[in-house]
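Please read the following note alongside the sequence and the model. The points are numbered so that each can be checked in turn.

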Amino acid sequence: MSKLSKVALVVGIILGVLLIFILIGIIYSLYEIGAPPKFKVLGISIVDDDGYPSLLVRFETNKYTLLKFKLFNEYGELIESVSPTEGSSAVALSLVGLSPYTNIIGSHNYTLMIYYGDELLYEEQVSVHGINPIVSLVSVGVNETIFGYEVNYLVLDIRNDGDVPLYVTTLNTSIYINNESVASSIRGNIVTILPGEEKEVVIDLVPYITENPVINIEILFEGQGGYVQRSLTVNLENYT
C-alpha cells in the first residue's frame, strides 16, 4: 500500500468516527427532546400579578423547550396558556384573561394542566370563593349648608376576607346614598387589597345634599360574576 493510500485510509477512518459521533449526538438530542422532563410542582397560590388576579405555580424542571402551562375555567374554556422562560421557577396565569383589575365574584373552579409537548405532566383542580370586603366607616366629609347636609367624600376601612385580590377602582366601585346613584372616584384611582389585608380607601363624591342627617350608603364592588354589596347607616351629625 502506497503512502498516499495509507493517508486516505486514515482520513477515511477519522471521518467515519466523526460521522458516528455526530449521528450519536443527533440521536441523543432527539431522545432528550422527546423524553419527558424531570418535573415537579412545588406550590400553587393565588396572587396579584400587576393587576391580574392570578394562579402562581412554582416548579422545578430540567427542560423548558416544550413545556406549556394552561388554565381552563369551569366551562372548559382556555383562559391563558404560558410557556416558561429558560431558567424560570414560577409562572403566573391570569384567572380573568386579559381584563386587569377585575374582581372575582362568588365561587369558581379552574383546571391547571401542564404539558410537555402533547404529553400531560400534571393536572390540578383549583377553587376560589371570590372577594369578601369587610367595610367600616372611618370618616365622612360633610358640610352644613342652607340646603341641608352636603356629603363630599367617604373614608372607608376595607379588609379583604376573600381568597383572591380585591381591586377597588373608580370603574368598578359604585356608591348609592338613600338609593340614589352618586358619581364617585377613588383617590389614587386603584387600590389593591390582597387576601387578609386591610387598607384605608378615600372615595370622593359629587356633592350629595340631604336634609335628613341619617343616610344609608351602599357600596357595590363590581366584577366578573356580578357584584358584592355592602351597606352602612351614617348619622352625619356625628361628623359635622
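Leaving aside its neighbours within four places in sequence, which residues is Ala183 in contact with? Point 2 gives the reply.

1. Basis of the note. This is a predicted model, in which local features need pLDDT of at least 70 and side-chain atom pairs count only at pLDDT 80 or more, while totals for chains, interfaces and linings use all residues. Residues are numbered from 1 along each chain as its sequence is written, and side-chain values use heavy atoms, with hydrogens and water left out.

2. Ala183. Leaving aside neighbours within four places in sequence, Ala183 is in contact (heavy atoms within 4.5 Å) with Asp204, Leu205 and Val206. Ala183 is found in the loop between strand 13 (180-182) and strand 14 (184-186); strands here are DSSP runs of E, at least two residues long, and helices are DSSP runs of H or I, at least four residues long, both numbered from the N terminus. With a relative accessible area of 46%, Ala183 is partly exposed. The terms are set as follows: buried means under 20% relative accessible area, exposed means over 50%, and partly exposed lies in between, with a 1.4 Å probe and protein chains only. Ala183 and Thr170 are 13 residues apart in sequence, and their C-alpha atoms are 9.7 Å apart in space.

3. Overall composition. The protein has one helix and 18 strands. Of its 240 residues, 38% count as buried. Among contacts between residues at least 6 apart in sequence, 61% join residues at least 24 apart. The protein exposes about 13,300 Å², of which carbon and sulfur atoms supply 55%; accessible areas come from the Shrake-Rupley method with a 1.4 Å probe, and for residues only the protein chains shown count as cover.

4. Salt bridges. A search of the whole structure finds two salt bridges, each defined as a side-chain nitrogen of Lys or Arg within 4 Å of a carboxyl oxygen of Asp or Glu. Side chains of opposite charge can pair when their charged atoms come close. The side chains of Arg187 and Asp204 meet in a salt bridge at 2.9 Å, N to O. This pair links distant parts of the chain, with Arg187 in the loop between strand 14 and strand 15 (190-193) and Asp204 in strand 16 (residues 198-210), 17 residues apart. Arg187 counts as partly exposed at 45% relative accessibility, and Asp204 is partly exposed at 24%. Arg159 forms a salt bridge with Asp161, their closest N and O atoms being 2.9 Å apart. Arg159 is partly exposed, with a relative accessible area of 29%, and Asp161 is partly exposed, with 39%.

5. Is Ser54 buried or exposed? Ser54 is buried, with a relative accessible area of 1%, and is found in strand 2 (residues 52-61). The side chain of Ser54 reaches the backbone oxygen of Tyr52 at 2.9 Å. Thr173 lies in strand 12 (residues 173-177) and counts as buried at 5% relative accessibility. The side chain of Thr173 makes a polar contact with the side chain of Asn172 at 3.0 Å. A polar contact is a pair of N or O atoms within 3.5 Å; within protein, one must be able to donate a hydrogen and the other to accept it, and residues adjacent in sequence count only if both atoms are side-chain atoms. A polar atom of the Thr173 side chain also lies 3.0 Å from the backbone oxygen of Thr169. Leaving aside neighbours within four places in sequence, Thr173 is in contact with residues including Val168, Ser184 and Phe221.

6. Aromatic pairs. Rings of Phe, Tyr and Trp (its six-membered ring) pair if their centres lie within 6.5 Å; planes under 30 degrees apart count as stacked, over 60 as edge-to-face and the rest as tilted. By this rule the count comes to five aromatic pairs. Tyr101 and Tyr167 form an edge-to-face pair, 5.5 Å centre to centre with 85° between the planes. The two residues are 66 residues apart, Tyr101 in the loop between strand 5 (90-94) and strand 6 (103-104) and Tyr167 in strand 11 (residues 166-169). Tyr101 is partly exposed at 31%, whereas Tyr167 counts as buried at 0% relative accessibility. Ring pairs also link Phe39, Phe59, Tyr64 and Phe69 into a cluster.
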